[in-house]
Amino acid sequence: MATSKIITIKQTLKKAIDYITNPDKTNNGQLVYSYGCSVPTADIEMEMTARQGSGRGNRIAYHLIQSFSPDDNISPKKALELGIEFAKKVTGGNFEFVVTTHTDKDHIHNHIIYNSVDYVNHRKYHSNKKDKYRIRDINDEICKANDLPVLPQYDGRRKSKYENIHKKEQSGWRDKLKKSIDHTISISASFDDFLFALEMEGYEIKRGKHIAFRAPGQERFIRAKSIGDSYTEEAIIERIENKDKEPVVRENHSSENNNRAVLQKKQKEKRTTFPKRVNLLVDISRNIKAQQSKGYEQALVRSNINTLVKTMNFLIERKITTPDDFQAYVDGKLAEYSFYKRDVQKLEEKLFDLSEKIKFTQNYKKNAPVYFESKRAKNRTEFARNHGNQIAMFKASEIYFERKNLNPKELSLTELFEEYKRLKEEKTQMGKRSNSLKGELSELDRVAQNIEKALGVHFEGNAVFPNTKRKERKSREEDVQK
C-alpha cells in the first residue's frame, strides 16, 4: 500500500532538490521527472515564480513523499509513473514540480517537490488539514486504479470527515526506526546531515533531553535511547564520523483549523433533506435497532416500500422490463462514461502540456534580451554574476524547446492563452457530463442490488462495476444496515 506525507520546505530548496535527484538513489538519474522547470535550475525557476506572488510567507516549496510497501508488486518505472500522476493531480498542473523515485531502500518511494506559488496566477498553495485528506484521497484513488492496496478508512459516523486520523499498528515501529537510523548513519557526514536525511524520509524529530523520532502514520514518538545504547544522540554523533555528507530540510507541522460550524451545518442539512435518489433496501431482519424497537422496524418497512417504488419508477422511466434490458442499459452508460472520462483525461494532458509551453515561452521572451546582452557585454563574467538567474531561466527554456522540437520565435503568447482558455472550457463541460454519468452509474449499482434482493435476480459479478469485488458491495450493504 502507498502512504503519503507532506513536508514544508522553508530554507533549503536547492539542497532538497539535490537530495531527491541524487543519482545513487534514482538509478543513475533515470528515475527523475520535472514539470514546468528543468531539474538543474528548478530551484531558481521556483524562486523566480514565487517572487511574483503575494502572501508567500516563509514557505518556499512543499515536499510530498509517496511510499510503497515492500509487498507491493510495483517496478521503479511504474512507481515513477504513479508519482507523476500523483503530482499532477495534487498540483492541478499550475505549479512547477520535480518527481523522483528512490530505490535505495527495501521499499520503493517517490519524492515530489512542488512550488508554493503557481506560475499561472501567482497564487499561494494552501496546505491545511483538509488538503492533507484531499492528498490522501488522491493517493488512494491512484492505488486502487492500479490494483494496489490502500490503508483502511476510519468510521466517518464517529468523527467528521476532516478529523478522521488514519492509524497504523504500533508493532514494528522500533525495528523500522532502528534500520532507518543505521542506514542514515552510513550515508551522513554530520549530525545535521543525519537529521536532514531522516526528515526527508518523513520522520518527525523531537529534540530535548532525549532525541525522539516518529515515522509517518505513527501515533507516538520513540526515544532513540530506548532502542539501545548505540542510538542515543551522543552515540549517533560518534557513529557518523567520516561518512558522506547530506543536506538539511526542516518540517512544519502547522495546519489551519477547519470551520466546524459550517461543516456541522452542512451535515445537518444533509440529514434533514429527503433523498431523491434510489437508496439501498435494508435487511430489517439483520438490523439491531429494528429488533429493539417496533417503531423503528415500522419506519424501516415504510422506507423499504418507498425505495421499492423509486426503484420501479427508475426502471419504468427508462423502459426497462427484463434483466437483459437492464444490463444493456448499464453497458451503454458504462461505454458513454468511459468515452467522456477518456476525453477528459486527454484534455487534462493537453492542458498540462500547454501550461508548460506557456510558462517556458514567457520565460524565453522575458529573459531573451538579458541573455543576448550578456553575449555583447564587455565584462561577461561580471554581467553573468549580476544576471545569473535570468540567464539560467533563458537556458532552461532553450532546453525545453529543444526537447520538444519547437521554435519559440514562432509561438504567440496571445494564441497560446486563447487555446488554453478554450480547452479549459471544453474540459469543464465534459467534466460535468462525466460526473453526471458517474452519479447515474452509482445509482444503477444501487438499483441492481435492490433488484437482486427484491426479485432474486442474480447479476454475474457486478452489473454496473464489474471490477468491484462482492465483498466490497457486501461491506457497503452492511453499512446501510447499521
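**Cores**

I began with the largest nonpolar core, which has 28 residues, and Leu-64, Phe-86, Val-90, Tyr-114 and Ile-135 are the ones that touch the most other members. For the record, a nonpolar core is a set of buried Ala, Val, Leu, Ile, Met, Phe, Trp, Tyr and Cys residues joined through side-chain atoms within 4.5 Å. I looked up which elements give two or more residues to this core, and found strand S3 (61-67), helix H3 (76-91), strand S4 (97-102), strand S5 (109-115) and helix H4 (129-145). H3 gives the most, with 7 residues. Helices (H or I, at least four residues) and strands (E, at least two) are DSSP runs, numbered from the N terminus.

I then listed the neighbours of Phe-86, leaving out residues up to four places away in sequence: Ser-4, Leu-64, Gln-66, Ile-112, Ile-135, Ile-138, Asn-139 and Ile-142. Contact here means heavy atoms within 4.5 Å. Another core, of 21 residues, lies apart from this one, and Val-344, Ile-391, Phe-401 and Leu-416 are among its residues.

**Ground rules**

This is a predicted model, so I note that local features need pLDDT of at least 70 and side-chain atom pairs count only at pLDDT 80 or more, while totals for chains, interfaces and linings use all residues. Residues are numbered from 1 along each chain as its sequence is written, and side-chain values use heavy atoms, with hydrogens and water left out.

**Whole chain**

I counted up the secondary structure: 15 helices and 8 strands. Of the 482 residues, 45% are buried; buried means under 20% relative accessible area, exposed over 50%, partly exposed in between (1.4 Å probe, protein chains only). Among contacts with a separation of 6 or more, 72% are between residues 24 or more positions apart.

**H4**

H4 has 17 residues that should span 24 Å at 1.5 Å a residue, and its end C-alpha atoms are 25 Å apart, which agrees. The expected span is 1.5 Å times one less than the number of residues. Its buried residues include Tyr-133, Ile-135, Arg-136 and Asn-139, and the buried set packs against strand S1 (3-9), S3, H3 and S5. Just after H4, Asp-147 has a positive phi of about 60 degrees.

**H1 against H6**

Helix H1 (residues 13-20) packs on helix H6 (residues 191-200) at about 70 degrees, axes 12 Å apart. Axes are lines fitted to C-alpha atoms, for helices over the stretch in contact, and angles run from 0 to 180 degrees between N-to-C directions. I looked up who meets whom: Lys-15, Ala-16, Tyr-19 and Ile-20 in H1 meet Phe-196, Ala-197 and Met-200 in H6.

H10 (residues 294-317) has 24 residues and should span 34 Å; its end C-alpha atoms are 35 Å apart, which agrees. Among its buried residues I note Asn-304 and Lys-310, and the cover over the buried set includes helix H9 (288-292), helix H11 (323-376) and helix H14 (413-455). Lys-319 follows H10 with a positive phi, near 55 degrees.

Tyr-329 sits in H11 and touches Arg-318, Ile-320, Glu-440 and Leu-444, not counting residues up to four places away in sequence. Tyr-329 and Lys-319 are 9.8 Å apart, C-alpha to C-alpha, and 10 residues apart in sequence.
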